[in-house]
Amino acid sequence: MILIRFYDEKLAQASYLFGCGRTGEALVIDPNRHVEQYISSADQAGLKIAAVTETHIHADFVSGARELADRSGARLYLSDEGDADWKYTYAQFVHAVLLRDGFSFMVGSIRIEARHTSGHTPEHLSFVVTDTAVAESPMGIVTGDFVFVGDVGRPDLLEKSVRVAGAAEVGARALYRSLQRFKQFPDHLQIWPGHGAGSACGKGMSAVPQSTVGYEKLFNWAFQTSSEEEFVSQVLAGQPEPPRYFAEMKRINKLGPAILGGIKRPVRLPETRLKRLLQDGALVIDTRTSADFAQGHVPGTINLPLNRSFTTWAGWFLPYDREFYLIMEDRQAHAIDEAAQDLALIGLDRIGGFFGDEIIEAWATVEGPLDTVPQIGVVELAERLRSNGVAVIDVRNATEWEAGHLPGATHLPLGYLPDRLNDLPRDQPIVVHCQGGGRSAIAASLLQARGFRNILNFAPGFTGWQAAGKPVDSA
């Protein structure tokens, strides 16, 4: 058996190709929208993709299962578990094979058995993998968002993202029952999870790419709880706020993602277009580093650096119903292709075009001065707090805030900042901060673009404040 793991760092998402060396057939599980990587890897291994499946209706990225099956001519297998509200509505139109608990199928000499492991979502499946060419018992389980290394999938997404009242506790109890079944698997079975550290689909997963059933039973917190009530309480506590785009991903993946036929490179726009776009209210995203943006940027643009967090914050702030535009660093030769791929992975396909970073100098020459983001240090911030001359906005998540925060600060998580502008003062300076300066730089750019003029970024963040021995409050 051939096994290839694919991992997207920005999504912290894993997908898998299982190939039969004897027949040359392959199965891909949980593909994302970058389908060329699976086709290319299969070709290089001398394999043909004959089957495509996924563990559940994903919330954090647009599934590539439909497009990969279409491009490769493979049979598509989809879950038929869960209630009527969470079944694939497009399955009948693509003649997908519907899977229920215990259903198995062959890919060459590889047997794939579906197990219903609800909790994270009602329809969630895990796949037990047996290489029948060498053994009659399984070697591992693709667990998707059910069991991670060191954690389990969060059961609260339907309630928080899709607003299904009461779904969190129902999901938590279903997850507990699924884990009791999982305990019955032999300890030696490998587990191949769908996410690693950094994903919002859990709260404490490891960066280690795989584990075993036995190891998780010994060291995963979810197997150490003494009762269902204790498990429900712990699994629902401290979950990160799901990005706003998760609800859109659920909708797209349930109804059926559009087939792109490849991710197209956006068109480069002339410098003269930018002024009119901004005057017309277009959203323009500057993807340069926060340091470069702070030193000078076109007024009205928002900074989302093209780094590991780009996809997450793009999903929070970019629209699905209209075009948006990008400013890219020309010294990064493939930056626009990377950005287009990252955005396509979460369904943001409406890039109206992009500008090179020469637009910054051109704007300063033709249109007038650039905006900057003033920075503030620990000593100056402490002095301003003593004189009550500044409003401090903490844009970290709830768990970080509850663990400790600056005295007198107001908590307003970054993702919800655009919705709370009327709650912010316009008659005094505003200092924004996070843990280490990354999220607060985005917050500063958002506020400036919305007309706030006296914004300062506390780049040292809460980490720098603590390191300086300054006092903190706790929840």
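**Sheet, rings and surface**

Modeller: Let me begin with an open sheet, in which four strands follow the order β14-β13-β15-β16 with parallel pairing. Please keep in mind that this is a predicted model.

Colleague: Which are the edge strands?
Modeller: They are β14 (302-303) and β16 (351-356), each of which pairs on one side only.

Colleague: And how many bridges are there between β15 and β16?
Modeller: Strand β15, residues 324-328, pairs with β16 over five bridges in the parallel sense, and Met 328 stands opposite Gly 356 in β16.

Colleague: Changing topic, how many aromatic pairs does the count come to?
Modeller: The count comes to 16 aromatic pairs. One of them is formed by Phe 18 and Trp 192, whose ring centres are 5.4 Å apart and whose planes stand at 65°.

Colleague: Why is that pair edge-to-face?
Modeller: Planes over 60 degrees apart count as edge-to-face, and the planes of Phe 18 and Trp 192 are at 65°, so this pair falls in that class.

Colleague: Where do Phe 18 and Trp 192 lie?
Modeller: Phe 18 lies in strand β2 (residues 13-19) and Trp 192 in strand β11 (residues 190-193), so the pair ties together parts that are 174 residues apart in sequence. Phe 18 is buried, with a relative accessible area of 0%, and Trp 192 is buried as well, at 1%.

Colleague: What about Trp 316 and Tyr 416?
Modeller: Trp 316 and Tyr 416 also form an edge-to-face pair, with 5.2 Å from centre to centre and 75° between the planes. Trp 316 belongs to helix α10 (residues 310-317), whereas Tyr 416 is in the loop between β18 (410-411) and β19 (430-433), 100 residues apart.

Colleague: Is Trp 316 buried or exposed?
Modeller: Trp 316 counts as buried, because its relative accessibility is 7% and the cut-off for buried is under 20%. Tyr 416, on the other hand, is partly exposed at 24%.

Colleague: Which residues have a charge over a ring?
Modeller: Among them is Arg 396, which lies over the face of Phe 462 at 4.4 Å from the ring centre. Another is Arg 426, whose charged end sits over the ring of Phe 452, 3.8 Å from its centre.

Colleague: And on the surface, which residues form a nonpolar patch?
Modeller: Met 1, Leu 3 and Met 139 form such a patch, with about 210 Å² of accessible area together. Leu 3 is found in strand β1 (residues 2-8) and counts as partly exposed, at 35% relative accessibility.

Technical notes:
Residues are numbered from 1 along each chain as its sequence is written. This is a predicted model: local features need pLDDT of at least 70, side-chain atom pairs count only at pLDDT 80 or more; totals for chains, interfaces and linings use all residues. Side-chain values use heavy atoms; hydrogens and water are left out. Patches are made of residues with over 30% relative accessible area and no salt bridge: like charges are joined within 9 Å, nonpolar side chains (Val, Leu, Ile, Met, Phe, Trp, Tyr) within 5 Å. Accessible areas come from the Shrake-Rupley method with a 1.4 Å probe; for residues, only the protein chains shown count as cover. A salt bridge is a side-chain nitrogen of Lys or Arg within 4 Å of a carboxyl oxygen of Asp or Glu. Helices (H or I, at least four residues) and strands (E, at least two) are DSSP runs, numbered from the N terminus. Buried means under 20% relative accessible area, exposed over 50%, partly exposed in between (1.4 Å probe, protein chains only). Rings of Phe, Tyr and Trp (its six-membered ring) pair if their centres lie within 6.5 Å; planes under 30 degrees apart count as stacked, over 60 as edge-to-face and the rest as tilted. A charge sits over a ring if NZ of Lys or CZ of Arg is within 6 Å of the ring centre and within 35 degrees of the ring normal. Two strands pair if DSSP finds at least two bridges between them.
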